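Subject: Structure for your review

Dear colleague,

Please find below the structure that I am handing over to you. My notes on it follow directly after.

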Amino acid sequence: MTRIKSIGEKLDNNVKIMELTTDMLNQAIQTGKINVCTIGIGRIGLPTALSFALSGLPTIGVDINSNLVDSINSGKFPLKDEPGYDIIFEEVMKKKNFHVTTKIDEALSKSDVVLLSLPTPMDSNNVPDYSALKNVAQQLHDFLIPGTLVIVESTVEPGFIENELIPIIEGNDKKFLAGNDFGIGVCPETANPGQILNDFNKLPRLVGAINEKIADIITRIYKHVFTVDLIPMPNCKTANAVKLTTNVFRDINIAFVNELAVLFESLGIDTNKVLEAAKTKYNFQIHYPGPGVGGPCLPVNSYQFLNLAKKINPDLLKIIKLSREINEKMPEHVVNLMKSCFKEANKQIENSEILILGVSYKANVKDIQISPAEPIIQNLKDLKVKVKIFDPYFKDVEIFGIKTESNLVDALKNIDGLVLVTNHKEFDDLDSSMLYTQMRTPIVVDSRGVIDHDAAKKAGLIFKGLGQGE
Ligand SMILES: NC(=O)c1ccc[n+]([C@@H]2O[C@H](COP(=O)([O-])OP(=O)(O)OC[C@H]3O[C@@H](n4cnc5c(N)ncnc54)[C@H](O)[C@@H]3O)[C@@H](O)[C@H]2O)c1
């Protein structure tokens with residue numbers, strides 16, 4: 001271990017992490033002599049970086065968002081909806097084991113291990129956008145210190161690492177050779193927003209790399225940071241295929257229950273009762289119907305698979321394409337439920353005022369990425385409805401061009417209709433009698449199965465629940 005410098009410095013520039021003996025590597029990990037840099041410190045990257053720092057490995061976060069960087073360095077923790085990480089943040093900041101910067105070149109010069117937790121969204125044509133990863137790969141080509149280990153946590157389609165990312169890092173000039181001058185592997189992130197700490201402590205992680213030695217090094221480092229099982233994958237593309245498969249499985253199954261929900265509505269069958277009973281069968285895995293599938297993962301992951309299929313055989317993965325179509329139609333279905341309530345009440349929907357309850361794409365998170373609330377609001381606006389929003393995570397801010405409400409009871413005044421879009425825990429005890437009393441016209445559509453159907457009818461609401469009969 002003589003060549004390894006003291007804590008806070010990078011492994012000696014002549015030492016390549018890939019060439020350490022197992023004993024040396026273990027010792028370097030245990031004594032905090034592996035220096036880590038996480039590029040992209042958003043929803044996933046920041047908690048990841050904090051976990052690495054908490055484990056005793058000095059960690060630098062890098063981000064292009066200078067406001068975020070300044071705010072974190074001044075001690076403000078941005079992810080208020082991630083329980084537990086506020087405390088970890090304070091602890092690692094106190095120990096001075098973590099700081100963030102916008103300067104990637106400086107950070108790379110001090111790091112033995114580089115994690116990439118960059119966004120992988122899609123463009124307006126649903127084509128995956130890997131520009132952040134490609135951009136950083138180019139910077140790795142320019143600034144990487146030979147011997148560094150790169151680990152991609154971002155979600156990418158199988159083959160992207162091998163066919164696109166590695167060639168950019170290596171460069172046309174072949175400045176670096178993967179496996180020789182730098183190590184590269186993947187450990188796709190599978191945590192759920194709102195419960196990242198819980199998932200980091202429980203969910204097994206997949207490790208794939210360009211060779212077994214690198215996979216072993218990644219496994220040893222992650223084993224030190226997280227207590228979960230690390231599942232060896234034969235290569236990067238297989239690990240990325242698993243990640244997409246688990247999420248797309250959900251997108252497809254939600255599409256299935258969404259179609260059942262629409263069918264059961266007209267048959268007077270309560271979909272949730274069907275599903276709860278169905279789950280008593282050991283091999284049924286429950287998924288719930290809803291107003292659509294949003295967020296940074298599921299819809300994007302389906303399009304990542306479709307993008308891949310397009311290159312090989314566009315006839316493949318038709319089930320994913322259809323599932324996307326079904327899930328993307330659900331906002332329209334929710335608005336149709338609202339329209340039929342207005343018909344039942346003999347009221348015009350045009351020029352009415354409708355309150356959207358919840359704009360997050362899912363419960364208990366502050367995140368509106370690809371939220372079904374957006375097309376629902378747009379559909380209602382197209383009908384000349386005046387739309388109001390109440391969401392406990394977004395008070396008094398502008399969302400989708402609407403200034404949100406700060407108080408639910410006040411927001412209900414002069415309202416002709418209410419659509420529950422997100423089942424935040426704050427809406428669990430929504431009282432139908434209170435809604436009846438407060439609303440100008442007591443029309444309620446529940447797209448998440450939160451409000452009890454019988455209680456709603458008893459209270460006098462003109463009520464439709466997605467997937468429920470009359
Ligand atoms: N959020 C989730 O639910 C979730 C779950 C599992 C996996 N993932 C995957 O993890 C990855 C990261 O997602 P996220 O939700 O944390 O994204 P995010 O948008 O919350 O964070 C990404 C961060 O990267 C920064 N960034 C963008 N371009 C950069 C660049 N060129 N250099 C440095 N920083 C840059 C952004 O400023 C942002 O702070 C994605 O591939 C996503 O699919 C996300």
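A residue is called buried here when its relative accessible area is under 20%, and exposed when that value is over 50%. Please bear in mind that this is a predicted model.

By that criterion, strand 2, which spans residues 59–62, is covered on both faces. Thr59 and Gly61 are buried on one side, and Ile60 and Val62 are buried on the other. Strand 1, residues 36–39, runs parallel to strand 2 and is joined to it by 4 bridges. Within this pairing, Val36 stands opposite Thr59, while Ile39 stands opposite Val62. Strand 1 is likewise covered on both of its faces: the buried residues are Val36 and Thr38 on one side, and Cys37 and Ile39 on the other.

A search of the whole structure returned 0 disulfides. Cys37 takes part in none, as the nearest cysteine sulfur, which belongs to Cys187, is 16 Å away. For a disulfide, the two sulfur atoms would have to be within 2.5 Å. Cys37 has a relative accessible area of 0% and is therefore buried. Cys236 is also in no disulfide; the nearest cysteine sulfur to Cys236 is again that of Cys187, at 11 Å. With a relative accessibility of 0%, Cys236 counts as buried too.

I turn next to the ligand. The shell around the ligand consists of 23 residues, and the closest are Ile44, Asp63, Thr120, Thr155 and Pro193. By class, the shell comprises 12 nonpolar, 7 polar and 4 charged residues.

On its own, the ligand has 840 Å² of accessible area, of which the protein covers 87%.

Yours sincerely

Methods. Residues are numbered from 1 along each chain as its sequence is written. This is a predicted model: local features need pLDDT of at least 70, side-chain atom pairs count only at pLDDT 80 or more; totals for chains, interfaces and linings use all residues. Side-chain values use heavy atoms; hydrogens and water are left out. Buried means under 20% relative accessible area, exposed over 50%, partly exposed in between (1.4 Å probe, protein chains only). A residue is near a molecule or strand if one of its heavy atoms lies within 4 Å of it. Accessible areas come from the Shrake-Rupley method with a 1.4 Å probe; for residues, only the protein chains shown count as cover. Ala, Val, Leu, Ile, Met, Phe, Trp, Tyr, Cys and Pro count as nonpolar, Asp, Glu, Lys and Arg as charged, and the others, Gly among them, as polar. Helices (H or I, at least four residues) and strands (E, at least two) are DSSP runs, numbered from the N terminus. Two strands pair if DSSP finds at least two bridges between them.
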